[in-house]
Amino acid sequence: MGAGLVSAIFGLAVSHSACSSVPVGVQGGDSPPEPTDAGSDTSETSADSGLGCVSTFPVSADCRHPLVEAHCVNGFCRIPAGCFVAGSPECQGRRGAYSEPEVQMTLTHTFEMGQHEVTQEEWLRQGFPNRATPPIYDAGGLSAYGSCLAPDCPATNFTWFDALVYANRLSGAHEPPLPECYALDGCTGEPGVDMKCTGARALPADVYACRGYRLPTEIEWEYAARAGSRTPYYGGPMIATKNTWCASEPNLDPFAWHCFTTTHKVDGSAVEILETHPVMTKLPNAWGLFDMLGNVAEWTSDAYDGLGFRKGPYVNPGSSLGTSNERTKRGCGASSPATTCTVSWRPGATWNYVDAQGLRLARTLD
């Protein structure tokens, strides 16, 4: 899909010369409580708020976003360095009130991002078993969630450490081989099967300095997902009523497999089936990236902090891998409602946790 068609679909300019030219939201001055777990933000705004929400976050005069164009080759898209505003305004419906403060971010390096989530075929090619499972439901259940089982369906059901091993293996398989970005500590078991580890180190210590394949940092992920947009979805603002769990969202549906677009019934059954879909079957964002929202949530390299990034601006956040056993995921899954399928939503999970999450890789280019 050409850049002109992508921009026409979005209805937004792809030439964002300065962050200050587009309004973004105000960070609140609240005193947040400690989060109770890594998977959710316990305090949220009203489910009915957010319609017509306009963000007014101020940025510095030197905060500039590059031209947004799709440059994708061999499954990776080039993302140039630049400045943007991460997080969400307080008026955004169902946002994480404490995990999504708005803050100015600058990435000083150009990087490439996987054009789509790692597929089951790609996962198998690196020697891992396929742990994706189809929807399973019992006679008394009303819904069932699972994975599509095809070569181009996203790989899923693996730990954060498994994702690091996959990145290292892909670096070694590159021609010529690239340096591995991770060293794992205290591991037992077989990768992709039953491996558990006690920690990991970045090689070198600065995550961005590695020239091999790696997980994106969560700020790289959000920068790539937004593609110059300042709205909850890269397809536009949140405009639907938000007090229904699994509802249509016109600016999300064409771009994401979320619970409204995935739900279907089989042979007249009353049971609702929610399952992932092959990658690249929805529209891409303006960088040319598919499924940044929906299908499967994606591991990032960062330690999870339920309070989010505060007291910015930041330059190259996430450069340290850290030692926390809780790691941030980004995006959302095929069973997620539209309200948690925003570019700023920040769930987390422990690093040895196996669930319906996937990954896409990044690589520093300069």
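Contact is taken here to mean heavy atoms within 4.5 Å. The structure is a predicted model, in which local features need pLDDT of at least 70 and side-chain atom pairs count only at pLDDT 80 or more, while totals for chains, interfaces and linings use all residues. Residues are numbered from 1 along each chain as its sequence is written, and side-chain values use heavy atoms, with hydrogens and water left out.

The chain contains five helices and 15 strands, assigned as DSSP runs (helices H or I, at least four residues; strands E, at least two) and numbered from the N terminus. Of its 366 residues, 56% are buried, that is, under 20% relative accessible area with a 1.4 Å probe, protein chains only. Among contacts between residues at least 6 apart in sequence, 77% join residues at least 24 apart.

Helix α3 spans residues 160–173 and reaches 20 Å from its first C-alpha to its last, close to the 20 Å expected at 1.5 Å a residue; the expected span is 1.5 Å times one less than the number of residues. At the start of α3, a side-chain oxygen of Thr159 lies within 3.3 Å of the backbone nitrogen of Phe161. The helix is mostly covered, with 11 of its 14 residues buried, including Trp160, Phe161, Tyr166 and Leu170. These buried residues pack against α2, β7, β8, β10 and β12.

Strand β12 (residues 326–330) includes Thr328, which counts as buried because its relative accessibility is 0%.

Note on methods
Buried < 20%, exposed > 50% of the residue type's maximum accessible area, 1.4 Å probe, protein only. Polar contact = N/O pair within 3.5 Å; in protein donor to acceptor, adjacent residues only side chain to side chain.
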